[in-house]
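Here are my notes on the model below. They start at the DNA, then move to the chain pairing and the packing within each chain.

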Number of protein chains: 2
Amino acid sequence: MTTTGPGEVPVEGGPARERVYAWLRDGIISGELEGGRFLDEQWVSGVVGVSRTPVREAFHRLEAERFISLLPRKGAQVRTVTARELEEVYQSRRLIEGHAIAEVCAARTGAPSEMAALIEEMGRAGAARDWFAVSGLDRRFHRAIVGAAGNTVLTELYDTLRSRQQRVTVRALEARPERLRVIDAEHRELVAALDAADTEEALRILNRHLRPVSEVVSILDVD
Amino acid sequence: MTTTGPGEVPVEGGPARERVYAWLRDGIISGELEGGRFLDEQWVSGVVGVSRTPVREAFHRLEAERFISLLPRKGAQVRTVTARELEEVYQSRRLIEGHAIAEVCAARTGAPSEMAALIEEMGRAGAARDWFAVSGLDRRFHRAIVGAAGNTVLTELYDTLRSRQQRVTVRALEARPERLRVIDAEHRELVAALDAADTEEALRILNRHLRPVSEVVSILDVD
DNA sequence: AGTGTACTTCGTGTATACACGAGCTGTTTC
DNA sequence: GAAACAGCTCGTGTATACACGAAGTACACT
């Protein structure tokens with residue numbers, strides 16, 4: 001093997017393009033495929049054990065989800081998340097999640113039961129220092145809020161937003177694992193405020209929760 | 001030819017997959033490829049004059065943009081826009097465009113100059129009864145507002161939203177061409193309010209402008 | 001006549017082969 | 001010695017060939 005890539009190849013059956021897609025996506029999120037790196041179709045097809053065709057399909061899907069850039073006649077490059085892009089993602093999250101919170105509180109349905117379970121699971125994953133799992137659960141937690149608003153189009157939109165951010169979350173947790181305690185506490189506060197249908201309080205908590213962008217940027221010095 | 005598809009094949013040079021993508025996308029937006037219809041890889045490759053490979057790539061891109069559904073081992077089907085989805089798209093638009101308007105008014109930069117030009121161009125396209133062009137220009141007009149807020153991530157998100165809606169716009173214009181006068185007037189009012197940095201007024205106009213969802217639904221009886 | 005089964009057909013899913021262009025390297029020339 | 005050009009190499013872009021599975025159909029059996 002010339003270069004080192006993501007760990008063991010998950011042989012999990014299923015369509016070849018799914019295997020390639022999942023392998024590349026997880027590799028990028030976990031950081032094993034670092035930003036700026038060029039991905040070679042032949043190399044990927046050789047490592048995963050499929051032909052170039054499903055690799056190309058995975059590339060296009062990853063490009064649509066902004067994980068990589070496809071340069072014509074040049075190849076695929078893992079995108080780097082810039083500080084500016086991160087700031088914009090957080091701003092967009094505040095807009096969409098804030099809207100969802102207002103909707104949920106207005107409907108007085110309380111926080112979806114799923115959220116409490118996700119908090120517990122996140123605690124366990126955090127204890128195991130499995131930051132990849134933690135970031136995935138955090139993503140599901142926030143998606144649950146947006147999903148509770150009942151607008152599936154907006155939920156899908158929100159989801160594409162998060163896939164851009166997840167790898168940053170993993171890095172931030174690796175660098176500052178102690179922040180997980182704060183995140184956990186804020187998640188619980190948020191559920192309580194949603195159950196109480198207290199819009200103002202829930203929005204306050206959200207903005208506090210999504211505030212530490214500049215901190216994240218300084219930790220990781222992305223761009 | 002067994003079945004009828006979009007009009008003449010634009011031979012415009014460039015990558016084969018781009019040709020296929022543009023041909024299919026325009027066919028769907030303009031309505032020549034109606035919702036629910038199954039698309040056959042071989043048929044498309046035969047009509048456009050390329051092999052199946054670029055057709056498959058175009059299919060995947062169109063699926064990511066929600067123009068078609070890719071059913072495993074079944075093929076590609078042109079998505080139908082349901083009334084519920086349309087309602088959700090409009091709600092999402094109100095959220096994002098409303099945010100952008102607030103930002104633009106707060107920055108007091110006035111409406112981007114591009115918008116006035118687009119209004120004029122739209123008038124000309126409307127006089128020519130070119131509804132496809134009108135819908136594209138309307139899309140650019142609204143994107144200009146979102147773009148003026150300066151959040152490129154949010155702008156991209158908004159754009160994927162509009163591609164879902166554009167074909168509905170074309171149908172609505174075909175059914176009620178006289179509404180173009182109202183749309184034109186509201187666009188001018190919106191620009192004026194943005195130039196005056198009058199947030200409240202601009203939001204009022206926006207909500208009026210994006211209100212007639214139920215009307216659109218009843219005209220087209222989508223689902 | 002109705003139902004079950006096997007065959008055939010068709011289309012996607014994957015692999016492989018070919019074409020083309022960009023970039024690099026070695027040589028040649030000023 | 002430096003720059004320009006030619007040839008080569010490598011990787012993407014596209015085409016084609018093969019594999020597999022699902023659905024429809026026809027025939028046989030009950």
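1. DNA strand C. A residue counts as near if its C-beta atom, placed from the backbone, lies within 6 Å of the molecule or strand. Helix 1 (16-30) and helix 3 (52-64) of chain A, together with helix 2 (41-48) of chain B, each give two or more residues to this surface. Helix 3 of chain A has the largest share, 3 residues. By class the surface holds 5 nonpolar, 4 polar and 6 charged residues. Here Ala, Val, Leu, Ile, Met, Phe, Trp, Tyr, Cys and Pro are nonpolar, Asp, Glu, Lys and Arg are charged, and the others, Gly among them, are polar.

2. Basis of the model. This is a predicted model, in which local features need pLDDT of at least 70 and side-chain atom pairs count only at pLDDT 80 or more, while totals for chains, interfaces and linings use all residues. Residues are numbered from 1 along each chain as its sequence is written, and chains are lettered from A and ligands numbered from 1 in the order in which they are written. Helices (H or I, at least four residues) and strands (E, at least two) are DSSP runs, numbered from the N terminus.

3. DNA strand D. Which residues come nearest to DNA strand D? They are Glu41(A), Gly75(A), Ala16(B), Val50(B) and Ser51(B), out of 15 around it. Two or more residues each come from helix 2 (41-48) of chain A and from helix 1 (16-30) and helix 3 of chain B. Helix 3 of chain B gives the most, 3 residues. The classes are 5 nonpolar, 4 polar and 6 charged.

4. Chain pairing. 17 residues of chain B contact 17 residues of chain A; contact means C-beta atoms, placed from the backbone, within 7 Å. On the chain B side, helix 3 (52-64), helix 4 (83-107) and helix 7 (152-175) each give two or more residues. Helix 4 of chain B has the largest share, with 7 residues. The chain B side divides into 7 nonpolar, 6 polar and 4 charged residues.

5. Symmetry. Chain B superposes on chain A by a rotation of 180 degrees, with 0.0 Å of shift along the axis and an RMSD of 0.0 Å.

6. Helices 5 and 8 of chain A. The axes of helix 5 (residues 113-127) and helix 8 (residues 179-195) of chain A come within 10 Å and cross at roughly 170 degrees. Axes are lines fitted to C-alpha atoms, for helices over the stretch in contact, with angles from 0 to 180 degrees between N-to-C directions. Helix 5 of chain A is therefore roughly antiparallel to helix 8 of chain A (over 145 degrees). Among the contact residues are Met115(A) and Ile119(A) of helix 5 and Leu180(A) and Val191(A) of helix 8. The contact has 6 nonpolar, 3 polar and 2 charged residues.

7. Sheet of chain B. 3 strands form an open antiparallel sheet in the order 1-3-2. Strands pair if DSSP finds at least two bridges between them. Strand 1 (38-39) and strand 2 (68-71) of chain B are the edges, each pairing on one side only. Strand 1 and strand 3 (residues 75-78) of chain B pair over 2 bridges, and Phe38(B) stands opposite Gln77(B) in strand 3.

Terms used: Contact = placed C-beta atoms within 7 Å. Least-squares fit on C-alpha atoms with pLDDT ≥ 70 in both. Parallel < 35°, antiparallel > 145°, perpendicular 65-115°, else oblique.
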